[in-house]
Amino acid sequence: MGLTGFLTVSAALFTLGMVIFISRKNAIAILMGVELLLNAAALNFVAFARFTPSQASQLDGQIFAVFIVLLAAAEAVVALAIALSVYKEFHQVRADKLVSLKG
Amino acid sequence: MVNTLPYLSFIPAHVMMSFAIIFFFLAKAVPFLKRLPASIVFFLVLIACFWLESLGSGSEAVFFEMIQVDSYSRLYNQILFIAIAVTILMMANSDELNKDNNWEIFGLLATVCLGMMLMTSATNLLMTVVAIELVSIPSYVLVALNRKLPASKEASLKYVLFGSFAAGIMVYGMSLIFGLTGTLKFSGIWKGLAEYSAAGNAIYFLAVLMTLSGMVFKIAAVPFHFWCPDAYQAAPTPITAFLSTAPKVAGLALLMRFFSYHVSLQTANLTLILSIIAMATMTLGNLAALKQTDIKRLLAYSSISHAGFLLMGIAVLNSAGRQAVFFYIPIYLLMNLGAFMAVIYLSRGDRFDITSYAGMIKKKPLVVIGLTVCLFSLAGLPPFAGFVGKFYLFKVVIEEGLILLAVVAAINSVISLFYYVGVIKVMVIDSEDRPSKDIQTGGFPVVFVTACIVPIVFLGVYWVPLLNWAEKAKLLF
């Protein structure tokens, strides 16, 4: 599979993530959509690093992908902790039902 | 053998990182540390960092040229330290945060501060991502800490979802830039993008716009502003004041450094993109502010519209624009911090409706006058400093011939006057329908607000000292 194949898969992942973020109502599902966005970017980086390596810094893409994985983990930890405390307070995590702040 | 000497120039960040770790882990575990007053310790750390920054000179590229420590980053870091120190003062005077958790809160603030220091000196896309997330992730938690308002958890959840969405789009954009140019350095990417921008390729605009989204999220500009009103309304007021100033300043510093490397070929289309964002941001922020009934929400929308005004200075993409932004930032800090301190003082209890301020002038005349000055200055009325700051922003925009942007900004200044004056009218002219019990409070907030409005009035009449200081911003990079 060439570069185009990888880019197609990552574009598909990105689109899926977008669609999930916009259409799903559950906060946890929205978070899963965000993870897809991040993974699409990570896949892009690895693919570019493999197929079009730059002479100056050949590992840039791979390193960036590792950082994206870390970032996704850190964000998931905080988001799930906050979702838990929201559940304790409101007994649900549906984004369309959390409407105490408006305007 | 690696030469370690350049790393010494980055000492303030090392200090801040060490203290973030100490605040998180040691303070809870070591009995001796637990008894120390947390705010004073953090205050001393900030003073030490400020001093260390003032000692530095020259320009060094450290950490594999991911970070550029120069006079630009040093100046912005000092502004950030001041903003955080003021936030600590405000936290001591607010009852919305649980004081038992001071060590953790300061650990989070120190982490945010480290992230902002990386933002002001990042010259690499990877460092940009790390810095932005280092600011964002503790901010999500800080918003949720309001012990009086359960809705703060909800606001925090919305914040974290939008924040990670913006981060996801940003890293995807960065991956496109990396694919197009093969480099992550700011200096390399604009050169690498030159041929694509010359051909007007769609992929160029897509990559730049996506990368912008994360940075724009930090300064709460359209279309990534949705989190801002909710987070600002529900967060503890000192944290609101902090979020509306320091990360915004750091985000602007990052944007300016990011765009300072562009090649002249790209000036026209980047200016177009940025001025469209600026116009949309100020218009949307102002129109939404018109119908707000909650003072913190109103100030949130006002800070969105100010992000639009500050983007005007970035959109011209030259050193005069950077100087105008740099000139406006201290004024913006004074106005916003003063206004939020007055809000803390005027709304003891957890009511932040504007109507609850009716007739406040009789009860707390000094602070009401202070808030009035801050609001007039935010609206950009002479003779206050906000007018001078906006004047310079308009000047650089008109000099560049961006007449449409200047006209939209002028109309927005007029619109913003409506809602600021609305608040002042409630406080000064309306009478209280049912007298409430007056709660006695200390004199500190009065001193604080006065300390903010004296420079606002002074600089509004005689702004040469600030102008001389902003001259330094010309010599940056």
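Guide: The contact takes 41 residues from chain B and 41 residues from chain A. The model is predicted: local features need pLDDT of at least 70, side-chain atom pairs count only at pLDDT 80 or more, and totals for chains, interfaces and linings use all residues. Residues are numbered from 1 along each chain as its sequence is written, chains are lettered from A and ligands numbered from 1 in the order in which they are written, and side-chain values use heavy atoms, without hydrogens and water.

Visitor: What makes a contact here?

Guide: Heavy atoms within 4.5 Å.

Visitor: How much area do chain B and chain A bury between them?

Guide: About 3,500 Å², with 78% of it on carbon and sulfur atoms. Buried area is the accessible area (1.4 Å probe) that two parts lose on being put together, summed over both.

Visitor: Why is S213(B) called buried?

Guide: Its relative accessible area is 5%. Buried means under 20%, exposed over 50%, partly exposed in between (1.4 Å probe, protein chains only). So S213(B) counts as buried.

Visitor: Which residues does S213(B) touch?

Guide: A166(B), I169(B), M170(B) and F224(B), leaving out residues up to four places away in sequence.

Visitor: Where is S213(B) placed?

Guide: In helix α10 of chain B, residues 202–218. Helices are DSSP runs (H or I, at least four residues), numbered from the N terminus.

Conventions: Helices (H or I, at least four residues) and strands (E, at least two) are DSSP runs, numbered from the N terminus.
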